[in-house]
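Please look over the structure below before reading the briefing. The points that follow are grouped by topic.

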Amino acid sequence: TYLFLVVILLLMPLNVVCEAGKWRLLLRDVESMSIWGAQRQVYYGYVGAFVTPYHAGDYPARAMLLKNKDNWSAAVGLGLVGTIALLVVELIFGIPSTWLFFQYNPSMPMQAFAAAFVVLVVLMSILPWVVGRITRRTWKSTQMQQLVAALDKLSYTRFMKTIAWSMLRYIIWALQFALTLHFCGVDISPIQCMIAIPLYYMVVAIFPSLPALNIAIRGSWSLIIFGVFSSNTAGIALAVLLIWMINTVLPMLVGSILYRNGKTK
């Protein structure tokens with residue numbers, strides 16, 4: 001049984017490698033870096049995300065470790081492109097899972113999910129307009145000029161590669177979650193995992209929360225979604241707590257150590 005826990009732990013650094021590959025790809029025209037350098041920045045991003053509302057400090061913390069600090073705004077802007085790519089992946093898997101979930105359990109009220117979709121569609125609809133306004137405007141700020149230049153160089157091919165990195169990371173997340181549920185004694189079939197896990201990740205992405213409330217919010221959604229397939233509420237809650245500690249707290253601690261060691265050299 002503990003072999004599952006070992007595999008779950010080993011998948012964490014692989015998850016970071018995928019994010020580092022995406023980060024390195026997005027910043028290719030801003031600053032070249034090794035895959036290890038990108039991983040170091042990603043790990044430190046966990047520190048910034050953990051101590052700021054809605055994980056807003058992730059990309060600014062990463063950009064602090066760039067060699068050229070003048071590229072800070074461009075790096076943060078391109079990081080947000082990576083977030084959009086991940087959101088696209090979450091929708092690709094989450095929307096079919098939502099339909100299957102309500103087919104499986106028609107008594108579940110759908111109003112909250114429907115409202116979330118409406119908000120998401122509106123936000124995604126105005127995004128091209130916002131990007132267009134940013135790129136067409138003449139900015140006096142040097143940092144904004146660098147951001148616009150970086151966005152202009154972002155090709156469709158590179159964005160699709162960014163989605164591919166996001167999809168690989170998402171698959172690792174899903175596998176980790178499935179193994180964690182099994183490790184915590186939650187009796188749920190592979191088909192049910194394929195329905196519930198994508199829906200859970202999509203809902204968590206749509207309803208972000210403060211770091212202090214993150215685990216409580218995630219636990220609430222997990223009981224609503226996974227509770228349809230299993231009555232082991234204690235196991236579900238434990239699985240969410242464990243995966244949060246492995247994928248959020250552990251890399252945050254690693255990032256703190258790497259940053260401290262880097263400053264002492």
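**Overview**

The protein chain has ten helices and zero strands. From the N terminus on, its elements therefore read α-α-α-α-α-α-α-α-α-α. The model is a predicted one.

**Chain as a whole**

- Of the 265 residues in the protein chain, 46% are buried.
- Among contacts with a separation of 6 or more, 73% are between residues 24 or more positions apart.
- The protein chain exposes about 13,600 Å², and carbon and sulfur atoms supply 70% of that area.

**Salt bridges**

- Side chains of opposite charge can pair when their charged atoms come close.
- The structure holds five salt bridges.
- In one of them, the side chains of Arg62 and Glu19 meet at 3.0 Å, N to O. Arg62 lies in helix 3 (residues 58–63) and Glu19 in helix 1, so this pair ties together parts that are 43 residues apart in sequence. Both Arg62 and Glu19 are buried.
- Another salt bridge joins Arg158 and Asp29, with the closest N and O atoms 2.5 Å apart. Because Arg158 lies in helix 7 and Asp29 in the loop between helix 1 and helix 2 (35–50), the pair ties together parts that are 129 residues apart in sequence.
- Asp29 has 40% relative accessibility, so Asp29 counts as partly exposed.
- Arg62 also forms a salt bridge with Asp58, and here the closest N and O atoms are 3.0 Å apart. Arg62 and Asp58 are four residues apart in helix 3, so about one helical turn separates them.
- Arg62 counts as buried because its relative accessibility is 2%. Asp58, at 17% relative accessibility, counts as buried because the cut-off is under 20%.
- Salt bridges that share partners join Glu19, Lys22, Asp58, Arg62 and Arg169 into one network.

**Second largest pocket**

- Rolling a probe the size of a water molecule over the atoms shows where empty space is left.
- The second largest pocket holds about 420 Å³ of space. It is lined by 22 residues, and the closest to its centre are Ala178, Pro190, Cys193, Met194 and Ile197.
- Which helices each supply at least two residues of the lining of the second largest pocket? They are helix 4 (72–104), helix 7 (156–183) and helix 8 (190–206).
- Helix 8 gives the most to this lining, with seven residues.

**Nonpolar surface patch**

- Leu3, Val6, Val7 and Leu10 form a nonpolar patch on the surface. Together these residues have about 370 Å² of accessible area.
- Val7 is found in helix 1 (residues 2–26). With 32% relative accessibility, Val7 counts as partly exposed.

- Met245 has its place in helix 10 (residues 233–264).
- The relative accessibility of Met245 is 42%, so this residue counts as partly exposed.
- Which residues does Met245 touch, not counting residues up to four places away in sequence? Met245 touches Leu250 and Pro251.
- Met245 and Ile215 are 30 residues apart in sequence, and their C-alpha atoms are 9.4 Å apart in space.

How values were computed. Residues are numbered from 1 along each chain as its sequence is written. This is a predicted model: local features need pLDDT of at least 70, side-chain atom pairs count only at pLDDT 80 or more; totals for chains, interfaces and linings use all residues. Side-chain values use heavy atoms; hydrogens and water are left out. Buried means under 20% relative accessible area, exposed over 50%, partly exposed in between (1.4 Å probe, protein chains only). Contact means heavy atoms within 4.5 Å. Accessible areas come from the Shrake-Rupley method with a 1.4 Å probe; for residues, only the protein chains shown count as cover. Patches are made of residues with over 30% relative accessible area and no salt bridge: like charges are joined within 9 Å, nonpolar side chains (Val, Leu, Ile, Met, Phe, Trp, Tyr) within 5 Å. A salt bridge is a side-chain nitrogen of Lys or Arg within 4 Å of a carboxyl oxygen of Asp or Glu. On a 1 Å grid over the protein atoms alone, a cavity is a set of points where a 1.4 Å probe fits but cannot get out, and a pocket is an open set with protein on both sides within 12 Å along at least five of seven lines; lining residues have an atom within 4 Å of a point. Grid points are joined across faces, edges and corners, and a volume is the space filled by probe spheres set on the points.
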